[in-house]
Amino acid sequence: MKLHPPFFSIGLLSAAMLAYEILLMRLFSIIQWHHFAYMIISLALLGFGASGTFVSILQKSLFRHFSSVFLLNVGLFAVSSVVCFLLAQSVPFNPDEILWDSQQPVRLLVIFLLLTLPFFFAANAIAMTLSYFHDRVARIYAFDLFGAGLGSLSVVALLFVAMPLQALAVIGCIGLLATAVAAWELKVTGRNWVFAVLAMSSAGLIMLDMRSELQLSPYKELSQMLRISGTEIAGEYSSPLGLLSVLHSHIIPLRHAPGLSLNASNEPPAQIGVFTDGGGMTAITRETGNSADYAYLDQITSAAPYHLFQPAHVLVLGAGGGSSILQARYHAVPKIDAVELNPQLIQLLRNDYADFTGDLLGNKNIRLYEGEARGFVADASVQYDLIEVALLDSFAASSAGLYALNESYLYTVEALQDMLKKLQPGGYLAITRWIKLPPRDTLKLFATAVDALKNSGVENPEWQLLFLRSWQTGTLLIKNGTVTATETAALKKFATDRSFDIAWYPGIQSGEVNHYNRLAEPYFYQAAAAILSDERADFLDRYKFSLQPATDDRPYFFHFFKWSVLPEIFSLREKGGLPLLEGGYLVLIATLVQALIASVILILLPLFVTSKEKRLSSSVSNSRVVLYFLSIGLAFLFIEIAFIQKFILFLHHPLYAVALVLTAFLIFAGLGSGFSWRLVMRGYYRHAITVSVLGIVVLGLLYMLFIGTLFAQFQSLSITAKIPLTLTMIAPLAFFMGMPFPLALAKLGDIAPNLIPWAWGVNGCASVVSAVLATILAIAVGFNAVIVLALSLYGLAWLSFPEQQAD
């Protein structure tokens with residue numbers, strides 16, 4: 001009986017697989033940290049590459065039993081997607097100890113390989129189908145990409161209605177549904193038995209999921225808090241933006257006031273902790289009706305601007321649990337605007353804890369907006385007296401360098417310029433950050449402010465800056481105008497009364513610094529003076545951490561790692577050298593190394609040791625095949641990763657950007673693949689690849705030049721409006737990018753079909769490396785440089801397109 005390609009099961013399988021990939025990013029953000037997203041992308045692609053090798057080596061055996069092997073692999077994906085994650089989260093991996101404990105790299109590798117398995121099984125099914133039905137490769141590839149695109153978008157909607165582990169079970173069941181559809185499409189004998197087994201497997205996955213729970217790293221803030229007697233999680237609220245955990249402490253009262261002066265005589269009222277993904281705690285504070293109970297808010301560094309002048313209109317960026325709003329209210333600000341990204345946190349304040357806060361948001365002079373800080377500022381039509389960027393991230397994770405790979409468009413030079421434009425003359429921008437030793441992000445913030453002022457046309461930025469610190473927090477004040485002697489005197493009094501140290505004000509002298517929270521040297525003052533001097537470049541080069549200001553092209557504000565310091569870190573690994581370590585970046589490097597090793601061992605090496613008949617062909621240049629699929633494997637992911645990062649600025653959250661950008665690229669690349677089939681049927685291989693590459697290069701350059709302008713034009717739109725706009729912006733480029741891979745596969749199907757698995761494996765190997773390498777390159781040289789490199793690789797692919805050799 002002649003088999004027909006299992007188009008619909010391929011589409012369902014691809015949808016489940018991409019949904020699983022994105023869900024893993026969400027899950028690892030909860031149980032570990034955000035930077036594991038890059039590992040997830042790499043291990044998914046490793047599974048694809050390894051599958052190409054597997055199919056290449058066992059091609060004849062697999063084809064003899066195509067239907068049963070296809071069903072087996074789809075079913076194994078479904079089951080392993082749940083089981084492998086539950087096993088992986090039980091591995092006791094701590095990224096902080098990756099240089100200290102020799103077991104940590106091994107544990108990382110175990111997690112890496114465990115989570116590769118589901119992608120390996122899914123990719124086996126797809127690779128087999130492409131090879132077996134090589135005359136229908138473009139249409140199969142189109143179903144694959146279209147299904148994957150729908151899956152990446154659907155998982156975002158799923159996360160609005162389901163908890164993360166429930167979503168995992170749903171994806172496993174979709175994998176089982178794909179198996180059932182495959183049994184129907186392939187007309188497998190005994191289908192009723194297959195359906196019965198699948199139904200029982202679905203019940204088993206659901207029961208296993210119901211009996212499981214997320215195992216947070218013991219080093220996350222929520223895990224630490226739950227060790228305190230009397231603490232409990234009172235509620236959890238999930239969305240694509242994060243898992244909110246509300247914590248009550250019944251025995252030991254929660255008291256959250258970062259950097260509170262050691263001179264303070266009163267403590268905060270009762271508070272409730274709210275954690276996002278197990279970290280980044282913010283506090284919801286009880287309303288007592290007594291203004292004096294909130295005097296503690298005047299004993300932290302962020303209160304400084306209220307002692308320099310009386311602002312009439314304040315904007316709080318990052319409302320969190322409302323502490324900054326309370327601080328502005330305590331200082332009798334007549335009009336307070338605040339912005340918060342997570343709608344579930346807003347609902348907690350408006351509804352669930354409205355009585356607890358005395359209906360804080362019901363106050364007529366307080367307005368809380370749902371939105372992203374950068375977009376809100378860009379769209380604001382009013383000028384503010386004070387803009388405050390609240391302190392909401394985790395001190396523990398920040399100190400460990402675990403935010404090193406977090407893209408933050410809030411602390412870039414361009415972001416600060418946008419905020420300064422929204423200040424009234426004489427107004428202040430106040431940004432509070434954690435104090436870490438050795439000093440890092442406060443110094444980087446200072447350097448960023450200097451560049452923002454210079455780019456705004458300020459010739460002497462030193463006259464518009466103030467910086468003070470407590471034992472735990474530091475606040476940078478940037479004035480829209482020159483700081484006056486009266487303001488300087490007020491700042492000195494404020495700092496002296498609270499035992500805070502001033503590190504910079506116009507005309508500061510070395511004898512005025514480092515008096516209260518004393519360090520071995522006045523590092524903060526010395527650094528500020530150096531950054532403002534002609535010796536800035538030399539200072540930044542010599543400093544042990546990278547303090548180069550973040551930009552929208554390189555938005556890694558929390559990246560401080562320098563390779564030159566690595567030997568010193570390693571030598572101090574048993575002598576308290578942890579403060580020098582940027583753990584997140586090292587996890588990325590470790591992932592790249594493991595991806596390289598694993599891809600060579602699991603993809604390239606097995607292909608090389610197979611017989612020459614399987615991997616060599618006299619009808620086509622093998623070096624051209626390798627170069628072509630290597631180039632497009634690197635280039636496609638380079639552009640995709642760069643666009644994901646760029647669209648975080650537009651869509652305001654990494655998960656939205658990942659899901660929507662992947663959806664756009666996959667769906668429209670699928671359409672491009674389908675269109676390429678028409679050209680293949682007419683034999684227009686060379687014309688088709690020329691048009692495709694030309695379209696990619698021209699559109700890529702246009703996007704690189706004008707995408708910032710497009711973002712600025714539509715930044716203020718709601719996320720609902722931005723979804724179709726994002727798809728529309730990416731569609732033309734993605735359409736052309738969907739053509740090179742199936743065109744070359746179709747050509748190989750005509751002249752050397754035995755090389756299709758080999759090409760799949762080489763492409764997979766390149767893709768494994770490119771996902772991580774793109775981020776490393778972006779940190780070093782910026783996203784635009786990554787895009788230019790990708791366009792060059794597409795040009796190289798055009799030159800090496802597989803052609804039949806003359807006899």
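In the predicted model, ring pairs join Phe-636, Phe-643, Phe-647, Phe-650, Phe-665, Tyr-703 and Phe-711 into a cluster. Across the structure, the count of aromatic pairs comes to 35, where two rings are taken as a pair if their centres lie within 6.5 Å.

A pair of aromatic rings is described by the distance of the centres and the angle of the planes. For Tyr-628 and Phe-629, the ring centres are 5.2 Å apart and the planes meet at 75°, and because an angle over 60 degrees counts as edge-to-face, the pair is assigned to that class. Tyr-628 has a relative accessible area of 0% and is therefore buried, and Phe-629, with a relative accessibility of 0%, likewise counts as buried.

The rings of Phe-735 and Phe-736 also form an edge-to-face pair, since their planes stand at 85°, with 5.8 Å between the ring centres. With regard to accessibility, Phe-735 counts as partly exposed because its relative value is 24%, and Phe-736, at 21% relative accessibility, is partly exposed as well; the cut-off that applies here is 20%, under which a residue would be called buried.

Arg-329 lies over the face of Tyr-294, at a distance of 5.5 Å from the ring centre. In a further case, the ring of Trp-798 has the charged end of Arg-686 over it, 5.4 Å from the centre of the ring.

Conventions: Residues numbered from 1 in each chain as written. Predicted model: local features only at pLDDT ≥ 70, side-chain atom pairs only at ≥ 80, totals over all residues. Heavy atoms only, no water. Phe/Tyr/Trp six-rings, centres within 6.5 Å; stacked < 30°, edge-to-face > 60°. Buried < 20%, exposed > 50% of the residue type's maximum accessible area, 1.4 Å probe, protein only. Lys NZ or Arg CZ within 6 Å of the ring centre and 35° of its normal.
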